[in-house]
Amino acid sequence: MSAKAISEQTGKEFLYKYIDPSAAVQNRVRYVNVTPATDLNLLAQQHPWLLSERLVVKPDQLIKRRGKLGLVGINLDLQGVKEWLKGHLMKEIAVGRAKGVLKNFLIEPFVPHTQDEEFYVCIYATREGDHVLFYHEGGVEVGDVDAKAQRLTVAVDDKLSDAQVKEQLLTHVPDDKKDVLASFIVALFSLYEDLYFTYLEINPLVVTKDGVYVLDMAAKIDATADFICKAKWGDVEFPPPFGREAYPEEAYIADLYAKSGASLKLTLLNPQGRIWTMVAGGGASVVYSDTICDLGGVEELANYGEYSGAPSEQQTYDYAKTILSLMTREKHPQGKVLIIGGSIANFTNVAATFKGIVRAIKDYQGPLKEHEVSIFVRRGGPNYQEGLRVMGEVGKTTGIPIHVFGTETHMTAIVGMALGHRPIPNLPPVAVHTANFLLNANSSPMTPASSRTASFSEPKTTNDVTPPKKSKAGLPPAKATTLFSSHTKAIVWGMQTRAVQGMLDFDYVCSRDQPSVAAIVYPFTGDHKQKFYWGHKEILVPVYKNMADAMKKHPEVDVMISFASLRSAYDSTLEAMQYPQVHTIAIIAEGIPEAQTRKLIKIADEKGVTIIGPATVGGIKPGCFKIGNTGGMLDNILASKLYRPGSVAYVSRSGGMSNELNNIISRTTDGVYEGVAIGGDRYPGTTFMDHVLRYQETPGIKMIVVLGEIGGTDEYQICQGIKDNVITKPVVCWCIGTCATMFASEVQFGHAGACAHQASETAMAKNQALRDAGAYVPKSFDELGDVIKSVYDDLVAKGTIVPAQEVPPPTVPMDYSWARELGLIRKPASFMTSICDERGQELIYAGMAITEVFKEEMGIGGVLGLLWFQRRLPRYACQFIEMCLMVTADHGPAVSGAHNTIVCARAGKDLISSLTSGLLTIGDRFGGALDAAAKQFSKAFDSGMLPMEFVNKMKKDGKLIMGIGHRVKSINNPDMRVQILKDFVKQHFPSTQLLDYALEVEKITTSKKPNLILNVDGFIGVSFVDLLRTCGGFTRDEADEFVEIGALNGIFVLGRSMGFIGHYLDQKRLKQGLYRHPWDDISYVLPEHMSM
């Protein structure tokens, strides 16, 4: 949603803080907010000005006409305010059909004034510009300002001047107030623009001899502009409409939405209701709510919401468990129903999202059965068969009645089943997987390829897109009637490889000569080539860092498909419109600020460019071209016969519902000729009428389908077009959102533009107007397919439509990744791993979730145990590992590893190079004695050799005993590191047989030479063997294997890396220059044969 209402307090804070000082606003930042938690007795202490001022008190909860409702206390002292609040705070009232509790109030200074000092001003946005309304009277009795106010329209990107205001708005204002009012209105308009307001009303606006006072204010801001206005807005709280509580679950889902690239929305209507929905898609969610209300379920409808935009399994799980938690808190005597519905997805992996829902159902299976919940599922789209299968399976295993349906069932049929209005059919099993649609229906195993070419490097100049009509002198260029053809070439902005491959696969099944994607623009890499498939072959599509190069090298391109983010879509679209070759731009991003969209529309109209979107999946012209993910994957392309043209064209706001229209039209007619989803935003780049007029002028189109929506007045243009005979082809039209008038409080549906601001914008009003104008309007969405079929059959009977013979399309191989997703293939893994799994929502260490690692406070030693030894080691073992890392961390700059690291750092090398230089010195002579010591001592001990025999044998074999000896330390100057470790091991280890054996060896070696002590490497090596053998987590063979494969040396490498990094950082911090070894520390000698 874009335009969101803010509280009066928030609106005034914005105005007082950011309006131009020349506006002469007097009552700046003087208010007190009162809630049930406020201690009224402390008000005077906290806000001393309350004692010296006359006051006004009123609720601040988005209530209209508070004065007429008797909800404003005027000209009171503080005691009077307290008395007034006692009579109103926490009181339930009715405003229209909405009932709510008064719990948020505003206390402000009273402004003494006369009636003739009150005025009315309002600014609101429309597609063409911003309207400024002014009336020379204000206050409670202002009446119908729309009918009697002076009005001034400021076109998009134009400025407002004092002279305009005085001339067009202030004609009935006394001369002595004109200057101050004009200055204020201009400053107010500037504030309105700068802070991305969409609606700003002040009534009354009081002008006295002292200046301007803003008394009552109502406002909405464009919430999508948060990334632009965050510094000024701060953290804005958007209150719910009066009559609806703000629930923590709604805030939780809103927070999930804010952190996700997907769309997740939830509005609680009646938490005690028995009908709950979990619907995929903004348009589909409205259709399901409509159908529930049409069938008498409005009083029992518990929620409105949607999930769409390919949420992850975890996000869907979080959304689903929130719904299930809410619906299993209170029992209903008739039990409850959960409708998991949706249209046919364009790109969402249905099976992946359903896995999240299935997890939630399993978690809540007990409460679901206790509350007698029945679940009805209908879905289509990528991998939907697998999604339906797992949903059906969970019903069988849990005993919860789950009824599952696919695209063979009308989208809203499950609502009638759930509410008992139609029987639940026993359907045959659906196809096992998507791949069934990809089999060649032709008897020939070969794919027709006569028109295919091996190279696409030479641009084809032929293009049957209808060029823009020549415009009259002085007028902007007209837009093209035909947007796409079988030769259309496009540039895709953004590295959307899946969407591009989908377009190329569509091109191939449509038997196009060449791919429709000429190039990709991606500013975050250098120019390169990206591999894609064209049928069975691999081709290269150029990727450019900047758009100018792409346009210059591909003059045949006339379409740009922008997958730019909401933050960059505006700039990239502006850039694209600089190139006259571009006639059509599709903007996929949702959440572009409305002010930016309106600027794009204005420039596009001036340049004759057609914009599809924003907030759209795009459009499709069967047999010719498709935008991005439109039409879904190949299974749906083939099932809906989108590889060849039919006779029916449609235009919709919703992307998901456009795919549902593809399905409905393919089942009831000879198919789609062209379809466009103009986008769900309040100001789409093109309107319904723009496309209906194109369809009217296209000979191949015989009938038109329009899926309108609550909000806006675009559908009335179609009514007028039918009445004026501008539109003569049959038009089947239905506006979704009929349920809105049945709700007690305002509901903002999934699309930003799906909200009626006046009676004429309701779906019911528009459906009736279309019916009156002569369009074919069904009684409900349920009957849309029947009406389309009736009109089509009539056109066939008249001979207007002559259905063509079906020609099977060529087959397209399935991508390896998708085939693997569907479980159709298997292949040996390139390598195996058993210690870590990062694929899920949470990182897993040897079977243990990372959150559990921290919850259990396992520390570095515990993590090392999981990753190295695949075990959860005892606490003392983890502590011992950490002690080993601590004592081996460093041993000064003189040892070879540290010396190498320092020399490397001083040579200007980076951290990794310097660290590696030091690590490469580790071996038997330095630091690498842990494994060797463990092996030597273990072998001697296990063979039953006495310590003396072991020492004698090693001497006889001419081998050093690894782990024995130190350059500095001796029996008389012991190594405290060893002493610390020895004390810990003796205290905590269950057994120390090998350590004891090594200490006996030490007694023998030190009797010969005092520095032949058991050093820290040797001590750690033998102690680790004792640990592995006696901690209870390993068999003897497993313990020996870890020693054999070098696990113990890893302790020294890991520990000493800390020291090496410290030396590197130390040298950099000290800014030491290149190291050169001094001559006097080098003995220069002649070769041996020369010295003799």
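**Entry on the model.** I am working with a predicted model, in which local features need pLDDT of at least 70 and side-chain atom pairs count only at pLDDT 80 or more, while totals for chains, interfaces and linings use all residues. I number residues from 1 along each chain as its sequence is written, and I take side-chain values from heavy atoms, with hydrogens and water left out.

**Entry on ring pairs.** I counted rings of Phe, Tyr and Trp (its six-membered ring) as a pair if their centres lie within 6.5 Å, calling planes under 30 degrees apart stacked, over 60 edge-to-face and the rest tilted. I looked up phenylalanine 926 and phenylalanine 1052, whose ring centres are 5.7 Å apart with planes at 90°, so I noted the pair as edge-to-face. This pair links distant parts of the chain, 126 residues apart, since phenylalanine 926 is in the loop between helix H30 (911-919) and helix H31 (929-942) and phenylalanine 1052 is in helix H37 (residues 1047-1069); helices here are DSSP runs of H or I with at least four residues and strands are runs of E with at least two, numbered from the N terminus. Both phenylalanine 926 and phenylalanine 1052 are buried, which I take as under 20% relative accessible area, with exposed over 50% and partly exposed in between (1.4 Å probe, protein chains only).

I also noted one aromatic cluster, formed by Trp868, Phe869, Tyr876, Phe880, Phe989, Phe1024, Phe1034 and Phe1042.

**Entry on charges over rings.** Arginine 30 lies over the face of tryptophan 49 at 4.8 Å from the ring centre, and the charged end of arginine 359 sits over the ring of tyrosine 317, 4.0 Å from its centre.

**Entry on strand S31.** I found seven of the seven residues of strand S31 (residues 703-709) buried, so this strand is largely enclosed by the rest of the structure. From S31, Met703, Val705, Leu707 and Glu709 point one way, and Ile704, Val706 and Gly708 point the other way.

I then looked up its neighbours, where two strands pair if DSSP finds at least two bridges between them. Strand S29 (residues 648-652) pairs with S31 in the parallel sense over five bridges, and valine 651 has valine 706 in S31 as its bridge partner. Six bridges join S31 to strand S32 (residues 731-736), also in parallel, and glutamate 709 has isoleucine 736 in S32 as its bridge partner.

How values were computed:
Lys NZ or Arg CZ within 6 Å of the ring centre and 35° of its normal.
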